[in-house]
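Hello,

Here is the structure I promised to pass on. Please open it alongside this email; my notes follow below.

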Amino acid sequence: SRKHKVDVTEILRFALNDNCYKKGRKMAESNFVDYVKIYCRSGKGGRGSVHMHRAKYTPNGGPDGGDGGRGGHVILRGNRNYWTLLHLRYDRHAFATHGGNGSKNKSFGKDGEDKIIEVPCGTVAYNAETGEYLCDITEHGQEVVLLKGGRGGLGNWHFRTATRQAPRFAQPGEPMQELTVILELKMLADVGLVGFPNAGKS
């Protein structure tokens, strides 16, 4: 009868809408990442230089070896333009560069380049091995140094004395630091119910 006649078009439309909804929901869930584990490594410091000054009219010029450069830091920085950790899902390694070595004429080595990890506000960092709390990023532009780069070694001109005028040694740079870090995004939602007293809000 006409009363129980089924509209095939409506059924197909409903099925398509339901399928699109499920696909969209699945895509949204896959794009929202609130937990990542990354391996971080700071840069090691450059070694100091062992060099003696040589010039045409100064045969015994003395030491002039420069200092090594500082290794790069690994830094977390808050960025309000991010709302998920998706951009770190496939970038699991954060390496800062090493400091340059010192050279002659008291020339300092180049400092290593810092590695900055942009994270959304509300990100908490933990030590992956011990579970220890490390830091919390709450504001846009906030920066926290996760791993410090190694300090550069002193050149041999620092070690000259009245009794040791030609030191033939210098300091090596400090080693790098390594750490596996868990970044977790804390989402807080404040929900309020508005209504008259005794209106059944509970």
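Which residue in E7 is the bridge partner of Val74? The partner is Leu147. Please keep in mind that this is a predicted model.

The sheet

That pair belongs to the contact between E2 and E7. These two strands run antiparallel and are joined by four bridges. They are part of an open sheet of three strands, ordered E4-E2-E7, with mixed pairing. Strand E4 (115–119) and strand E7 (143–147) are the edge strands. Each has a single partner strand, so one side of each has no neighbour in the sheet. On average, neighbouring strands in this sheet are turned by 30° against each other, direction ignored.

Two buried residues

Start with Asn127. Asn127 sits in strand E5, which covers residues 123–127. Is Asn127 buried or exposed? Its relative accessible area is 11%, so Asn127 counts as buried, the cut-off being under 20%. A polar atom of the Asn127 side chain lies 2.9 Å from the backbone nitrogen of Glu129. Leaving aside residues up to four places away in sequence, Asn127 touches Glu132, Leu134, Leu179 and Thr180.

Now look at Thr84. Thr84 lies in the loop between strand E2 (74–78) and strand E3 (93–95). Thr84 is buried too, at a relative accessible area of 8%. Its side chain has a polar atom 3.4 Å from the backbone nitrogen of Leu86.

Best wishes

How values were computed:
Residues numbered from 1 in each chain as written. Predicted model: local features only at pLDDT ≥ 70, side-chain atom pairs only at ≥ 80, totals over all residues. Heavy atoms only, no water. Buried < 20%, exposed > 50% of the residue type's maximum accessible area, 1.4 Å probe, protein only. Polar contact = N/O pair within 3.5 Å; in protein donor to acceptor, adjacent residues only side chain to side chain. Contact = heavy atoms within 4.5 Å. Pairing = 2+ DSSP bridges. Axes fitted to C-alpha atoms, helices over the stretch in contact; angles between N-to-C directions.
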